[in-house]
Amino acid sequence: MQVLKVSLTKNRNISVMENNTFTLTKKLITICVAMIAVGIIAIAIGFATGVSGTRIVANLHLNNYYFVGMGLIGLFFVAVHAIAESGWQVSMQRIGEAMSVFIPVGGLLMLLVFLFGGMHALFEWTHEDHLDAILLKKVAFLNQPFFYIRFVVYFSGWILLAHLIRKTSRKLDLNGDVHYFNQLRKFSAIYVVFLAITSSTSAWDWLMSIDAHWFSTLYGWYVLSSMLVSGFSMIVIILFILKRMGYMSHVNNEHIHDMGKYMFGLSIFWAYLWFSQYMLIWYANIPEETIYFYERIKYFDTVFYLNLILNFAIPFLLLMARNSKRVFWILIPVAVVIFIGHWLDLYQLIMPGVVGQAEAGIGIVEIGTTIGYLGLFMLVVFYGLTKSSLVPKNHPFYKESLEYHTNY
Amino acid sequence: MNKYITAYYTDENDLIKGVKQIREKGHNILDVFTPFPVHGLDVALGMRRSRLTRVAFGGGAVGAIVGFGFQAWVFTKAYPLNFGGKPYLSVPSFIPVTFELAVLLAAFSMVIAFFIHFKLGPGAKTVVYDERCTDDRFLVLIDAENAEADEVKKIEKALSDAGAEGITYKE
């Protein structure tokens, strides 16, 4: 504690870069709103050309889940490093904080989809009058009142903790009081534990219960690892956009290198969990379990194999060398590949169960909606960035972050 | 190596400054012994990036190919057994062993390459240039095998200018 106080007084108000407040320009708002408009038009085209309502709802659900996950991981990025008392991430932790602003927005959209017809289209178990013997056994967990109670618990917890972490971080920036630093660590610890449980249970609720007859004990981790990779890739993409706009000049190759390591390592972690789930089901060969992969390999074979190539083979081979993790011209294409890849991963988790092979496909509706959601997400993140200085100059580890150096 | 000069520092920041000064004067530092890893010392010594990663990649690739190839040969040619009606060449079941062997050979190849390059390993003779470097001193070692008497003087001068202590010339 004494050491921390000395460090705080020594490293306060050190000279910072010129561009430390983010301004949301008209041009940026126009681009984001145009992207949202593309999304709305795509959905309208979908309705006009007779794309089934189920497919559109499943598509909205996919994007809701994907971008809420990004928000959660943005906050996780801040929280997990605060607990570990690491210093290097301080220079870019504002991006993570800004991403967490999307959690309530995504939550609202998700609630709207569930309330206005989404439940019956997405979840077979909501058709209470014709449940079979297996689903009747699961009614204690899979019933609508409890589903909404869990929904409220997840989002109130996430939104509250995100608010507290952002507020404490802003207060810490104001006067650099060590009290706020300790508070930040406390809230972060609560958030990480809360997310560890709720990321699994929410994945059961919103993804695994689509195929309500099937279950996998690894599913929660699998989805969390997918969220982690795509979230960290999103941080890199936002960092790149900000750097192109002339901000974040204090973030250098050393920080980018560590983000590259995260993308590389977590891609392997995702592949490990994918394989752990796949191989046990393949080996045991029990019909009620293999039906899940049978559907996906038989009718969604392109997405199924593309998923492995985009999310494992490409990041693994391209990011293996040290130097490729340190340059944006390799890191950004890989981040975009991972962004598309994990969207496809969610696609093959959701679509076979909800839409079925006859109707499912990737067309104007899917691509347009994703562009729309990306625009909304970016708009919210940019709005979040304007809320506080881009440079956390009073953070006790800010100086350490500037002088950070990594070899391998 | 029979002739060499050693000198020590007591602080790692002085060490890095001193090493830079000595190298600026054109004297080649053979090695530095430190009680803990010093950040930035490899840059100050002008060392190339380690090529151990290439050895690791080679070892890993060999391990993966051998692991997969051996299993494929055993389960299709040498001793085909039917497991649960699966095809003989069933790739998913080969992946764990392939992965493990890739990791194992990558690790082994790195350790062996490291031992060979630095002449370490079982039976290697340990040379202690100065006993103080086994405790808390940062020892700088300069090769003086072919140095004339006046050049040794020059090196010693450069060392003391750079703030090194305990300069000794050993034959």
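Two residues are in contact here if their C-beta atoms, placed from the backbone, lie within 7 Å. By that rule, Met263(A) touches Val229(A), Phe232(A), Ser233(A), Val236(A), Pro315(A), Leu319(A), Val334(A), Ala335(A) and Ile338(A), with residues up to four places away in sequence left out. The structure is a predicted model, in which local features need pLDDT of at least 70 and side-chain atom pairs count only at pLDDT 80 or more, while totals for chains, interfaces and linings use all residues. Residues are numbered from 1 along each chain as its sequence is written, and chains are lettered from A and ligands numbered from 1 in the order in which they are written.

- Between the chains, 7 residues of chain A are in contact with 5 residues of chain B.
- The side of chain A that touches chain B has 5 nonpolar, 2 polar and no charged residues, where Ala, Val, Leu, Ile, Met, Phe, Trp, Tyr, Cys and Pro count as nonpolar, Asp, Glu, Lys and Arg as charged, and the others, Gly among them, as polar.

- The buried residues of H2(A) are Cys32(A), Met35(A), Gly39(A), Ala42(A) and Gly46(A), and they pack against H3 and helix H14 (364-386) of chain A; a residue is buried if 20 or more other C-beta atoms lie within 10 Å of its own, exposed if 12 or fewer, and partly exposed in between, with C-beta atoms placed from the backbone.
- H9(A) has 26 residues and reaches 38 Å from its first C-alpha to its last, close to the 38 Å expected at 1.5 Å a residue, and it is mostly covered, with 20 of its 26 residues buried.
- H2(A) is followed by Gly50(A), whose phi is positive, near 80°, while H9(A) is followed by Gly246(A), whose phi is positive, near 95°.

**Packed helix pairs**

- H10(A) and helix H13 (residues 328-354) of chain A pack at an angle of about 35°, with their axes 11 Å apart; axes are lines fitted to C-alpha atoms, for helices over the stretch in contact, and angles run from 0 to 180 degrees between N-to-C directions.
- In this pair, Ile256(A), Gly260(A), Met263(A) and Ser267(A) of H10(A) meet Phe328(A), Leu331(A), Val334(A), Ala335(A) and Ile338(A) of H13(A), and the contact residues divide into 7 nonpolar, 2 polar and no charged.
- In chain B, the axes of helix H3 (residues 52-78) and helix H4 (residues 91-117) come within 7 Å and cross at roughly 145°, and the residues of this contact divide into 19 nonpolar, 8 polar and no charged.

**Individual residues**

- Met248(A) lies in the loop between helix H9 (219-244) and helix H10 (253-284) of chain A, has a positive phi near 55° without being a glycine, and is buried, with 25 other C-beta atoms within 10 Å.
- Asn285(A), in the loop between H10 and helix H11 (287-299) of chain A, has a positive phi of about 60° although it is not a glycine, and is exposed, with 11 other C-beta atoms within 10 Å.
- Ala164(B), in the loop between helix H5 (149-161) and strand E4 (165-170) of chain B, counts as buried because it has 24 C-beta neighbours inside 10 Å.
- The C-alpha atoms of Ala164(B) and Ala7(B) are separated by 5.9 Å, although these residues are 157 residues apart along the chain.

Technical notes. Helices (H or I, at least four residues) and strands (E, at least two) are DSSP runs, numbered from the N terminus. The expected span of a helix is 1.5 Å times one less than its number of residues.
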